Amino acid sequence: MNSLIIGTAGHIDHGKTALIKELNGFEGDGLEEEKKRGITIDLSFSNLSRGDSNIAFIDVPGHESLVKTMISGAYGFDACLFVVAADDGLMPQSLEHLQILNLLSVKSLIVAITKSDLVSKELLDQRENEIREAIKSYQNLEILEIFRVSIKDKSSIDELRNYLFTLQAKKLSEDGVFRYYIDRVFSVKGIGNVVTGTVIEGSVRKNEKLFNYGANKEVQVRSVQIHDRFVDMAHQSNRVALNLTGIELSELKKGQLLSKKGFFRGFKETDCIVIAKNLIHNESVTFCVGARSISAKVLILTQKNDSYFVTFKFDKDMFLKFDEPFVLIANSRVIGGGRVLNPINEPLKKQLKIEFLNFLLKKDFVNAFNILKNSHKNGFGIISSYQRFGLNHEEALKVARQIPNSYVDENALNIYDLSAIDRVKAVIKFMIEKNQYAIFSATSVALKLNWASEELCQRAIDELKSANLIAQNDGVYTKIGIDITELKVKIEERIYKILESANLAPDAPYNIYDELEIDRITGDNALKKLTGISRVVRLAHNLFVTTKALNEACKRLREIIKKEGFVNVTNAKEHLNLSRKYVIAYLEYLDTMPDIIKKGNDRVIKK
């Protein structure tokens, strides 16, 4: 289906709602207060269908005090039906709406000069020239066609309606990540919680799971509805109502972002390009994005004429995306707007950040990635590239492969400066100098260095092996010249001695492996050997004790029973001076003995 969203814009009382009514028969001002005052207060939604084409209309308010509502509606426009009354011409809200459309890059305008029956042809010509001249000053706006209409002239309405059906919607893509700002919330008896909004990107299916980032909650889509029609899927450029489960009505708010889980992180700072006149450093503004409006503090990084690089500080987390448009309001008036460049709080020094933002503004991602690579000595991840750069993983990897002096781990989606390999090699050299019997693998080195991926560690190991500094034995690595068979026996003995010295409170195995500088697989194999010959007993997942220590623990627990008549966690902790973790493990082992009876939390000896 060819689906298109057309929104209205224009000054109050210029006939936007009346024009929509003539086009599709929909009475937009449904609220009692709207009918009473004769103006549109909230967004109203309707549609017009013909064959396989559907036009969704968003009628926005024209009153100056309702500019935030207008912005939330305009965010989802594919094209705008810009309405100017012939008798009034362009008015203050007409111009403010043009400014908003320009900032949000709603490029395509269909101009409707309404009430054309009330004025002369000469005045209509003058109005058309005035509109053309006004729109020329906005670089993002383009007039597709101008119509002179009157609700009393059916042929003029028919001509406009027929033209609208010639417009083509944006090319739809199911590959994009679903993104949707909630603009209305309500409950329907027998159905449940319903939200409405415009699909900005991607698609949504019935029974699909989504994530409400504002509420930090996963929700499920019970049903999808497009203009009173239930469908299995909705795409970009659809006005959609979603019936959501898994969340309370009170948790759903206008302005919340619905998307797939894991694609966004929230930040209280974002860096943007702003086009505005007389923006003031440290001033407070209202930042409007999608259907959300939030207070923000302006920190100007640099200025050139009416163009600024700005860091915005918010009181709450914002889930913004690279190149996302926004509008700024101060004292209830639009003062400017722009695009998000860096939605993730990046701790760069001011001059480097300005350089970084310049690259992002030009979408020069190779140089932008290079700055991040040089700034993050421990590597930086591109797993969040959709939010940060508007790129999917494959696109981000394509950019990463072009970065000079870098190592790209394509599995872990990490980019490292080449110096990171030398740093890993230095750690391994220190290990084998400190302990000539060290046994390691890429996995164990990566566990030791939480910033290094396993693939990066393997690259460092391969280079050391090529330099004849280490050797590979049975899937693990040792210092060159070490007899692995003899070493395994020594490791068993060293692990046993560590467990023996710890007596009743031994460390977890991975701590012992770190102390011995051995690989986890090697350590686990040694413990299996020790338990296999009953020198060591495994009491719990990460608790191994010597048989000698276990016998001592059981003996002391029995002594407590003889002395106090029972043993439990409380008195065992007191007598053995051990933590709850160890005491529970020993008591559970004691439970396996045939002469021990468990009564509630107590253990007693069977009579």
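These are my notebook entries on a predicted model, taken one spot at a time.

**Ground rules**

I number residues from 1 along each chain as its sequence is written, and for side-chain values I use heavy atoms, with hydrogens and water left out. Since the model is predicted, I ask for pLDDT of at least 70 for local features and count side-chain atom pairs only at pLDDT 80 or more, while totals for chains, interfaces and linings use all residues.

**Entry: the cores**

I started with the largest nonpolar core, which has 66 residues. By nonpolar core I mean a set of buried Ala, Val, Leu, Ile, Met, Phe, Trp, Tyr and Cys residues joined through side-chain atoms within 4.5 Å. Buried is under 20% relative accessible area, exposed is over 50%, and partly exposed is in between (1.4 Å probe, protein chains only). Which members touch the most others? I get Ile-100, Leu-101, Val-274, Phe-287, Phe-312 and Phe-326. Strand S19 (residues 307-318) gives the most to this core, with 5 residues. My helices (H or I, at least four residues) and strands (E, at least two) are DSSP runs, numbered from the N terminus.

I then picked Leu-101 and listed its contacts, skipping residues up to four places away in sequence. A contact here is heavy atoms within 4.5 Å. Leu-101 touches Ala-9, Met-70, Ala-74, Phe-77, Cys-80, Val-106, Leu-109 and Leu-141.

There is also a second, separate core of 28 residues, and Phe-309, Leu-348, Phe-380 and Ile-415 are among its members.

I call two strands paired if DSSP finds at least two bridges between them. S22 is joined to strand S24 (residues 414-417) by 2 bridges. What stands opposite Phe-380 in S24? I find Ile-415 there.

Leu-413 sits in the loop between S23 and S24. Leu-413 has a positive phi of about 55° without being a glycine. Leu-413 is buried, at 10% relative accessible area.

**Entry: another positive phi**

Asn-282 is also not a glycine, and has a positive phi of about 75°. I located Asn-282 in the loop between strand S16 (267-276) and strand S17 (284-289).

**Entry: helix H16**

H16 (residues 520-532) has 13 residues. From first C-alpha to last, H16 reaches 18 Å, close to the 18 Å expected at 1.5 Å a residue; the expected span is 1.5 Å times one less than the number of residues. Which residues of H16 are buried? I have Thr-522, Gly-523, Ala-526, Leu-527 and Leu-530. They are on the same side of H16 because they cover an arc of only 135° around the axis, taken from the directions from the helix axis to the C-beta atoms. The face turned away carries the exposed residues Ile-521, Lys-528 and Gly-532. The cover over the buried residues includes helix H14 (484-502), helix H15 (509-516) and strand S28 (536-540).

At the start of H16, a side-chain oxygen of Asp-519 comes within 2.9 Å of the backbone nitrogen of Ile-521. After H16 comes Ser-534, with a positive phi near 65°.

**Entry: Thr-196**

Thr-196 is in strand S8 (residues 192-201) and counts as buried, at 5% relative accessibility. Its side chain makes a polar contact of 2.7 Å with that of Asp-183. For a polar contact I want a pair of N or O atoms within 3.5 Å; within protein, one must be able to donate a hydrogen and the other to accept it, and residues adjacent in sequence count only if both atoms are side-chain atoms. Beyond four places in sequence, Thr-196 is also in contact with others, including Tyr-180, Arg-239 and Val-240.

**Entry: the S30-S31 hairpin**

Strand S30 (residues 596-599) and strand S31 (residues 602-605) pair antiparallel over 4 bridges. Lys-598 stands opposite Arg-603 in S31. The hairpin has 2 residues between the strands, and Gly-600 takes a positive phi near 65°.
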